[in-house]
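This report describes selected features of a predicted model.

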Protein chains: 2
Amino acid sequence: EEIPLLETVGRILAEDIVADVDLPDFPRAIVDGYALQGASTFGASEGNPAYLTVTGSVAMGESPEVTIGPGEAVRIATGGMLPQGANSVVMVEHTEAIDEATIEVYRSIAPGQNMIAIGEDIKKKSRVLKQGHPIRPQDAGLLAAFGKQKVAVFRRPVIGIISTGDEIIPINETPNLGQIRDINTYTLMGLIHEAGAQAVSFGIVSDDFEILFEKCKLALDQCDMILISGGSSVGARDFTVDVLSALPDSKILVHGISISPGKPTILAKIQNKVFWGMPGHVVSSMIVFSRVVKPFVKHFSGQAGMQEKEHRLNARL
Amino acid sequence: EEIPLLETVGRILAEDIVADVDLPDFPRAIVDGYALQGASTFGASEGNPAYLTVTGSVAMGESPEVTIGPGEAVRIATGGMLPQGANSVVMVEHTEAIDEATIEVYRSIAPGQNMIAIGEDIKKKSRVLKQGHPIRPQDAGLLAAFGKQKVAVFRRPVIGIISTGDEIIPINETPNLGQIRDINTYTLMGLIHEAGAQAVSFGIVSDDFEILFEKCKLALDQCDMILISGGSSVGARDFTVDVLSALPDSKILVHGISISPGKPTILAKIQNKVFWGMPGHVVSSMIVFSRVVKPFVKHFSGQAGMQEKEHRLNARL
């Protein structure tokens with residue numbers, strides 16, 4: 001999908017961005033001072049200043065019409081375009097005005113000093129951002145520099161949450177003894193949003209085959225991925241597997257993984273969509289989400305091969 | 001402001017959250033197995049199992065009516081409520097059913113084992129989350145556990161951006177030689193959103209006293225904080241300061257800070273609002289934002305004393 005540049009931060013780029021111009025596309029001063037030919041200042045020092053003739057000034061945002069020759073200088077502000085002939089800028093702090101048309105320069109200025117040349121930031125035709133790249137504020141700035149008002153980003157995957165368990169009640173109800181409020185839906189929704197996807201809650205389903213089956217079919221229509229929360233007890237786990245197996249075109253890929261907590265996790269592929277059976281305990285569920293589900297979400301979001309790097313450091317303390 | 005629980009992740013809590021119930025408020029099994037009195041299993045082993053009488057089972061989400069005496073056990077699933085008299089749970093894997101009403105138990109179970117007691121997660125009346133706390137997914141889950149459907153959070157500060165400079169053009173225009181597109185507005189908007197605030201762009205203003213003055217007055221009415229981007233050159237800097245000084249009830253607090261890049265930063269207090277003069281160069285601007293402006297934004301957001309911790313580690317490599 002194409003979205004306005006202002007909404008792109010945090011989204012995943014769906015196209016390569018290739019520079020259509022050099023950046024900058026004109027030579028820019030990076031200090032306030034005078035544009036000049038470096039050679040005009042060679043050998044200059046506090047004791048032996050160079051004397052230059054000021055032939056004008058550069059207006060911001062305009063292409064200057066003057067040309068700089070040897071012994072000449074033009075007033076310029078940070079960001080201003082260097083005139084023809086100039087190849088460097090002396091900082092105003094290293095000069096003194098003698099009269100309206102003459103300055104003393106106290107430093108030797110090397111060609112290229114205090115300026116950015118054409119294409120020095122980014123060369124035309126170079127690839128500046130890669131498909132799959134998560135857009136940061138500075139990337140939005142870079143896209144602005146190329147005048148991209150609309151940017152192609154990957155659609156955020158839609159992830160459904162089905163909360164199961166006879167003991168689970170909605171959070172606006174008061175639990176009777178033995179019941180608990182639906183903590184997992186809220187925790188998982190937060191985790192899904194943080195992972196850059198959209199979350200849809202399908203509410204709480206009791207441990208009833210028909211109801212869970214129908215709810216799964218509904219979620220299958222609306223979502224890219226579905227998390228079934230709860231059902232981590234031995235009986236319930238089998239029950240979730242039974243429902244998933246009964247859905248058309250389904251395949252149970254994983255039934256129990258070797259991490260603790262998180263062991264009773266289920267992974268099923270149904271009609272090219274992904275169903276996860278998540279542990280009912282909220283801490284186990286968070287761990288399974290961050291370690292196992294989140295990389296899938298990132299992959300679904302278009303961030304192939306862009307998984308979070310963990311920085312490891314061997315240290316002796 | 002009060003917002004629905006589902007929208008709270010990433011926002012800053014404006015109230016202390018005190019537990020109004022124990023969590024859990026009933027003793028829960030954390031494995032599938034049998035609730036019993038630990039003493040009934042003391043000395044039990046593979047070679048010398050204990051024999052217990054199964055007197056029923058606990059339905060999920062209900063308060064069991066049976067009471068457990070010595071030598072008795074009741075079937076229970078993870079999350080189920082322990083019956084009166086029971087003080088621990090034996091895992092189903094450590095038992096074998098002999099007949100309908102009798103099990104062998106192969107382990108000695110200590111009182112309290114495989115269960116969570118009332119208030120073991122959170123004690124009633126304890127403060128669970130503090131005002132100023134940024135809400136994470138697990139905090140949303142915790143708020144769900146207490147049935148909080150609406151949560152009081154701090155309003156996100158509104159931060160205005162005024163982009164200045166005769167050389168700056170809107171991103172939908174094609175720059176003539178000497179002009180550049182407005183990179184800073186897009187970069188700063190991204191940074192402001194990431195810092196948890198709302199950004200409002202006031203567009204591009206040429207280096208004209210009257211226009212900048214009027215734009216600042218407008219921004220002052222609408223925003224909690226204003227960033228003036230650009231005007232980092234000596235002349236422009238003075239110009240920004242002149243405009244800020246001319247606004248009613250203004251005080252220039254800082255004019256130039258000792259970091260590089262970022263030196264030409266300006267800080268002014270105007271009618272109890274904060275104006276920042278940001279460097280025109282986007283990299284300098286990002287550094288000043290992250291190091292100097294962002295802590296203010298966090299403070300404005302209600303995160304007093306909750307600034308990002310930097311984790312430092314002394315290591316020998």
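Helices and strands are taken here as DSSP runs numbered from the N terminus, a helix (H or I) having at least four residues and a strand (E) at least two.

## Backbone features in loops

With strands named in this way, B:P24 falls in the loop of chain B that lies between β2 (17–18) and β3 (28–29). The peptide bond leading from B:L23 to B:P24 is cis, and its omega is near -10°. In chain A, A:L23 and A:P24 are likewise joined by a cis peptide bond, with omega about -10°. A:P24 is located in the loop between β2 (17–18) and β3 (28–29) of chain A.

A further backbone feature concerns A:N114, a residue other than glycine whose phi is positive, near 60°. A:N114 belongs to the loop between β9 (102–105) and β10 (115–116) of chain A.

## Surroundings of A:T67

A:T67 is placed in the loop that runs between β5 (50–57) and β6 (72–76) of chain A. When neighbours within four places in sequence are left aside, A:T67 is in contact with A:E72 and A:Q84. A:T67 and A:A14 are 53 residues apart along the chain, and 45 Å separates their C-alpha atoms.

## The interface between chains A and B

The size of an interface is often expressed as the accessible area that is lost when the parts come together. Between chain B and chain A, the buried area is about 4500 Å², and carbon and sulfur atoms give 68% of it. The contact involves 51 residues of chain B and 50 residues of chain A. How many salt bridges are counted between chain B and chain A? The count is zero.

## Helix pairs across the interface

Helix α2 of chain A (residues 183–194) packs against helix α1 of chain B (residues 137–145) with the axes 7 Å apart and at an angle of about 160°. This angle makes α2(A) roughly antiparallel to α1(B), because angles over 145 degrees count as such. The contact is formed on the side of α2(A) by A:I183, A:Y186, A:T187, A:G190, A:L191 and A:E194, and on the side of α1(B) by B:P137, B:Q138, B:A140, B:G141, B:L142, B:A144 and B:A145. By class, the residues in this contact of α2(A) with α1(B) are eight nonpolar, four polar and one charged. The crossing in which α2(A) passes α1(B) is right-handed.

In passing α2(B), α1(A) makes a right-handed crossing. From α1(A), the residues A:P137, A:Q138, A:A140, A:G141, A:A144 and A:A145 meet B:I183, B:Y186, B:T187, B:G190, B:L191 and B:E194 of α2(B). The contact of α1(A) with α2(B) comprises seven nonpolar residues, four polar and one charged.

## A helix pair within chain A

Within chain A, the axes of α2(A) and helix α5 (residues 282–300) cross at roughly 20° and come within 10 Å. That angle makes α2(A) roughly parallel to α5(A). The crossing of α2(A) and α5(A) is right-handed.

Which residues of α2(A) and α5(A) meet? From α2(A) they are A:I183, A:N184, A:T187, A:L188, A:L191 and A:I192, and from α5(A) they are A:V282, A:S285, A:M286 and A:F289. The contact of α2(A) with α5(A) has seven nonpolar and three polar residues, with no charged residues.

How values were computed:
Residues numbered from 1 in each chain as written. Chains lettered and ligands numbered in written order. Predicted model: local features only at pLDDT ≥ 70, side-chain atom pairs only at ≥ 80, totals over all residues. Heavy atoms only, no water. Axes fitted to C-alpha atoms, helices over the stretch in contact; angles between N-to-C directions. Parallel < 35°, antiparallel > 145°, perpendicular 65-115°, else oblique. Left-handed = near helix turned anticlockwise from the far one by under 90°. Contact = heavy atoms within 4.5 Å. Nonpolar A, V, L, I, M, F, W, Y, C, P; charged D, E, K, R; others polar. Buried area = accessible area lost by both parts, 1.4 Å probe. Salt bridge = Lys/Arg side-chain N within 4 Å of Asp/Glu carboxyl O.
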